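Please examine the sequence and the three-dimensional structure shown below. The briefing that follows is grouped by topic.

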Amino acid sequence: QAFHKAHLDKEWKVIIAGPEEVPAYVDLLKQMILNLGLSDQVQMIGPVFSAEKETLIHNAWIMVVPSYSEVIGMVNLEAAVNFVPSITTFETGLIDWATGGGELIHPNVDELTAKISESAAWSKEERNERGKRSRQLVLEKYSWDAVLPLWKNTYQSAVIDNTYQAN
């Protein structure tokens, strides 16, 4: 719906990738694509892995992940590592995402429509700069090098501060 409401030129495409685990939802999406006249612009390709996934992400202008509940939203991190900015929701826990070149929205059609329209209007330079900033944010705050020491410190302090007391 958001892509349709954005009224982008016909050269813009949406690729929906991922498992089709809920047949009724998949059927609803396919019917929506047909009813909105988007069959030439929206493609559902199912799950993708490895090199195919990397290529798909690398070739994207922007990744759109309007999740209601995905914790951290790993696909956002994968996109950023490939210099691709993403639109995602506050519900992914990526509260600093906009500081790194991505876009944060609430999961509703109007906000998503606005961000799709805005991202389609970016110059190539702005899009590339956002991709670089997204990657830098992931390297600084979400990579193993950044996160592992925090987890290590957390576990060490829990062991030191919370000794087991037997009765």
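How many salt bridges does the count come to? The count comes to seven salt bridges, a salt bridge being a side-chain nitrogen of Lys or Arg within 4 Å of a carboxyl oxygen of Asp or Glu. This is a predicted model, in which local features need pLDDT of at least 70 and side-chain atom pairs count only at pLDDT 80 or more, while totals for chains, interfaces and linings use all residues. Residues are numbered from 1 along each chain as its sequence is written, and side-chain values use heavy atoms, with hydrogens and water left out.

**Overall architecture**
- The protein chain contains seven helices and five strands; these are DSSP runs numbered from the N terminus, with helices (H or I) of at least four residues and strands (E) of at least two.
- Along the sequence, the pattern is α-β-α-β-α-β-α-β-β-α-α-α.
- A box of roughly 70 × 40 × 35 Å, taken along the principal axes, is filled by the C-alpha atoms of the protein chain.

**Contacts between side chains**
- Side chains of opposite charge can pair when their charged atoms come close.
- In the salt bridge of Lys 141 with Asp 96, the closest N and O atoms are 3.0 Å apart.
- Lys 141 belongs to helix H6 and Asp 96 to the loop between strand S4 (86–89) and strand S5 (103–105), so this pair ties together parts that are 45 residues apart in sequence.
- The structure also holds three aromatic pairs (rings of Phe, Tyr and Trp, its six-membered ring, with centres within 6.5 Å; planes under 30 degrees apart count as stacked, over 60 as edge-to-face and the rest as tilted).
- One of these pairs, Trp 12 and Trp 61, is edge-to-face, with 6.1 Å centre to centre and 80° between the planes.
- Trp 12 lies in the loop between helix H1 (2–5) and S1, and Trp 61 in the loop between helix H3 (50–58) and strand S3 (63–65), so the pair ties together parts that are 49 residues apart in sequence.

**Lining of the second largest pocket**
- A pocket is defined on a 1 Å grid over the protein atoms alone, as an open set of points where a 1.4 Å probe fits, with protein on both sides within 12 Å along at least five of seven lines; lining residues have an atom within 4 Å of a point.
- Lys 141 is one of the lining residues of the second largest pocket, which also include Trp 144 and Trp 151.
- Helix H4 (74–81), helix H6 (124–142) and helix H7 (144–161) each supply at least two residues of this lining.
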